[in-house]
Amino acid sequence: MAIADIPILSMLRTRLQWAQERGKVLAENVANSDTPDYRARDLAPPKFEAAGQMAATTIPTVSLVRTESGHIAGIGLSDSPFRTEAGGNYEVRPTGNAVNLEDQMMKVAANQMDYAGATAVYTRSLNLIKIALGKR
């Protein structure tokens, strides 16, 4: 069995990838805090199911493709396998912008803590495997 096949490590890797993608989305929200008609977005947290359920419910998805490398990726054209969610219902400025910077910065801080926690658990799990193999 390869290390990549261990379920807990696979789930932790998925969680780390989600945190990275969420960091990008939150950074876009902060960067566009003054852009007219911009709405904050967020990623839906990954859902982990039993191994038997995941294999049975895997359905191939259809996605949009960018045909020219010079074209700008639109909403939904990111390389992220995670689903995006619309932001909360906040006060909309006269320009149509609905980004709340305080809320976004709180989400960024929480995302950083989640990432650090998942990294720590992943590192400790690898160390336990090394101890079991007698490599320490």
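1. Gly 96 is buried, with a relative accessible area of 9%; buried means under 20% relative accessible area, exposed over 50%, and partly exposed in between, computed with a 1.4 Å probe on protein chains only. The place of Gly 96 is the loop between strand S2 (84-86) and H3. Helices (H or I, at least four residues) and strands (E, at least two) are DSSP runs, numbered from the N terminus. Leaving aside neighbours within four places in sequence, Gly 96 touches Asp 37, Tyr 38 and Arg 39, where contact means heavy atoms within 4.5 Å. The C-alpha atoms of Gly 96 and Asp 34 are separated by 9.6 Å, although these residues lie 62 residues apart along the chain.

2. A word on the source. This is a predicted model, in which local features need pLDDT of at least 70 and side-chain atom pairs count only at pLDDT 80 or more, while totals for chains, interfaces and linings use all residues. Residues are numbered from 1 along each chain as its sequence is written, and side-chain values use heavy atoms, with hydrogens and water left out.

3. Asp 37, one of the contacts of Gly 96, belongs to the loop between H1 and S1. Asp 37 counts as exposed because its relative accessibility is 61%. Its phi is near 60 degrees, a positive value in a residue other than glycine. Most residues other than glycine have a negative phi.

4. The whole chain next. The protein chain has three helices and two strands, and along the sequence they follow the pattern α-β-α-β-α. Of its 136 residues, 23% count as buried. Among contacts with a separation of 6 or more, 73% are between residues 24 or more positions apart.

5. Which helix has its axis within 9 Å of the axis of helix H1 (residues 7-31)? The partner is helix H3 (residues 101-133), and the two axes cross at roughly 160 degrees. Axes are lines fitted to C-alpha atoms, for helices over the stretch in contact, and angles run from 0 to 180 degrees between N-to-C directions. H1 is therefore roughly antiparallel to H3; angles under 35 degrees count as roughly parallel, over 145 as roughly antiparallel, 65 to 115 as roughly perpendicular and the rest as oblique.

6. The contact of H1 with H3 has 16 nonpolar, seven polar and five charged residues. Here Ala, Val, Leu, Ile, Met, Phe, Trp, Tyr, Cys and Pro count as nonpolar, Asp, Glu, Lys and Arg as charged, and the others, Gly among them, as polar.

7. Both helices have the span expected of them, which is 1.5 Å times one less than the number of residues. The 25 residues of H1 should span 36 Å, and its end C-alpha atoms are 36 Å apart.

8. The buried residues of H1 include Leu 9, Leu 12, Trp 18, Arg 22 and Asn 29. Strand S1 (41-43) and H3 are among what covers the buried residues of H1. The buried residues of H3 are Asp 103, Gln 104, Lys 107, Asn 111, Ala 118, Tyr 122 and Ser 125, and their cover includes H1 and S1.

9. Is Arg 22 buried or exposed? Arg 22, in helix H1, counts as buried because its relative accessibility is 10%. Apart from neighbours within four places in sequence, Arg 22 is in contact with Asp 42, Leu 43, Lys 107 and Asn 111.
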